[in-house]
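These are my notebook entries on a structure I went through by topic. I begin with the terms I rely on and then record what I looked up.

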Amino acid sequence: MKMMETSLNVTVAVVVALLMLTCHGQEQRLLVPMTLVRNASALHAFCLDGSLPAYHIHRGFGAGKNNWLLQFEGGGWCNSLQSCLERAKTRRGSTSLMSKYEVFSGILSNNASLNPDFYNWNRVKLRYCDGASFTGDAKFQNETSLIYFRGQKIWEAIILDLLPKGLGNARKALLSGCSAGGLASFLHCDNFTNYLPKNASVKCLGDAGFFLDEKDISLKRTMRTFYTNLVSLQGVEQNLDTNCTSSLNTPQLCFFPQYALKFITTPFFILNSAYDTFQFHNILVPNSADPHGHWNRCKQDPAACDASQIETLQGFRRDMLLALRGFLKDSISGGMFINSCFAHCQSESQDTWFGVDSPRIHNKTIAEAVGDWYFSRRVSKEIDCAYPCDSTCHNLIPSTQVPAKNQSLLKGQSASLKLLQILGYLVAF
């Protein structure tokens, strides 16, 4: 056993050394270890496979030691028993299968030159393992299978674990998230406020989480059907905003941010691309609506889209802006950054968050827009001109081999990320 431990330590040291060499010439990577919520079982808070929920925390310092930023991890959803059973056997449904270290970059960076407003805050990444944006509360069991739909309990267990670690005394707090995690920010924003001191400044940010209730190109509501099945399977409706659910004939629709948004009372910032690649590929043009692949080249390269396809994409942008019109006009405390880049998730990647060549609207980066909004330095509601006018975009088009959420991370650092994965799994071993 002693020999095995020694061998493991040597291997980890080698991987770390290789990682440092690989990252030479880039900003230093901040690796943050996983923390399991040991008492989560008392709340019946389990991942899909029954493993314990987890988060990664990097402590604040100096003037930011009493400020907190919580970031929901994203990663899609599961809306059927079969898809959830399959998900439970992956890192999306089990903390046992996740890497045990996460890179903190972008909005999670501890470098003032890369994250000027939040670098010294307590920064926490909530790992995603429930498949319903941290909102479900149900369980399925038969003779051969047991699966937990406990996203709401996971959210509660992590918060209760963080409160005595300083969150309960927060002076400033920001709840954020990307993709399915960005959706979770919409769904948990007001609830987050209830846990914190009355005099705390609490705000929320949804990155790539404004999923539209939109018809696809075959005029079917593919995403509405998907979400309706998800809400039913995972027992989500009981955890949706009651003001929203009581206002609609179909309460499951409150899982969509466009219906829930007007009932959120906590200041909110919406960060989204008007041509979000996940929504383009899965809501507007899902495979089921394009069986012959007429959109394949357009999906991989916007420059390959014909005039009719471009007009369809412009229609999607118009519908997004229409869904946001009330928020833009009426929300005094809200902020937004709606750019015209083909991307999905822009706050966790340093390339898109804050850099010399980061995307801009009116010469303002995403980090600057969010900071201006959070600290009330100036009104921060930025809407980009329509594609293809924005020359600052990083158009991050997902391939069939690489999930959309990983595209920005893979830019110029695929080797280092592979080493990070090796390190994470070695520590797990």
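This is a predicted model: local features need pLDDT of at least 70, side-chain atom pairs count only at pLDDT 80 or more; totals for chains, interfaces and linings use all residues.

Residues are numbered from 1 along each chain as its sequence is written, and side-chain values use heavy atoms, with hydrogens and water left out.

**Entry: Leu284.** I placed Leu284 in helix H8, where helices (H or I, at least four residues) and strands (E, at least two) are DSSP runs numbered from the N terminus. I then looked up its C-alpha separation from Leu313, a residue 29 places away along the chain, and found 8.4 Å.

**Entry: the sheet.** In what order do the strands of the open sheet lie? I read 10 strands in the order E4-E1-E2-E5-E3-E8-E9-E10-E11-E14, with mixed pairing, where two strands pair if DSSP finds at least two bridges between them. The edges are strand E4 (101-104) and strand E14 (381-383), each of which pairs on one side only. From one strand to the next the twist averages 20°, with axes taken as lines fitted to C-alpha atoms (for helices over the stretch in contact) and angles running from 0 to 180 degrees between N-to-C directions.

I followed strand E2 (residues 54-58) on both sides, noting that 4 of its 5 residues are buried. Strand E1 (residues 30-36) pairs with E2 in the antiparallel sense over 3 bridges, and there Leu36 stands opposite Ala54 of E2. E2 is also joined to strand E5 (residues 122-126) by 4 bridges, again antiparallel, with His58 standing opposite Arg123 of E5. Elsewhere, strand E10 (residues 268-273) and strand E11 (residues 335-339) run parallel and are joined by 5 bridges, and Asn272 stands opposite Ile338 in E11.

**Entry: aromatic rings.** How many aromatic pairs does a search of the whole structure find? The search gives 30, counting rings of Phe, Tyr and Trp (its six-membered ring) as paired if their centres lie within 6.5 Å, with planes under 30 degrees apart called stacked, over 60 edge-to-face and the rest tilted. The rings of Phe118 and Trp121 are edge-to-face, because their planes stand at 85°, with the centres 4.9 Å apart; both residues are buried. Phe280 and Trp295 are also edge-to-face, at 5.9 Å centre to centre and 75° between the planes. This pair links distant parts of the chain, since Phe280 belongs to helix H8 (residues 277-284) and Trp295 to the loop between H8 and helix H9 (296-300), 15 residues apart. Phe280 is buried at 3% relative accessibility, and Trp295 is buried at 8%. I also recorded one aromatic cluster formed by Trp77, Phe211, Phe226, Tyr227, Phe255, Phe256, Tyr259 and Phe278.

**Entry: a charge over rings.** I count a charge as sitting over a ring if NZ of Lys or CZ of Arg is within 6 Å of the ring centre and within 35 degrees of the ring normal. The charged end of Lys203 sits over the ring of Trp373, 5.3 Å from its centre, and Lys203 also lies over the face of Tyr374, at 5.0 Å from the ring centre.

**Entry: helix H4.** The end C-alpha atoms of helix H4 (residues 180-195) are 22 Å apart, which agrees with the 22 Å that its 16 residues should span, the expected span being 1.5 Å times one less than the number of residues.

**Entry: backbone angles.** Most residues other than glycine have a negative phi, and most peptide bonds are trans. I therefore logged Leu219, which is exposed at 64% relative accessibility, and whose phi is near 70°; Leu219 lies in the loop between strand E9 (201-207) and helix H5 (222-234). Asn363, in the loop between strand E12 (360-361) and strand E13 (364-365), has phi near 65° and is exposed, with a relative accessible area of 64%. Finally, the peptide bond from Tyr387 to Pro388 is cis, with omega near 10°, and Pro388 lies in the loop between E14 and helix H14 (407-410).

Definitions and conventions: Buried means under 20% relative accessible area, exposed over 50%, partly exposed in between (1.4 Å probe, protein chains only).
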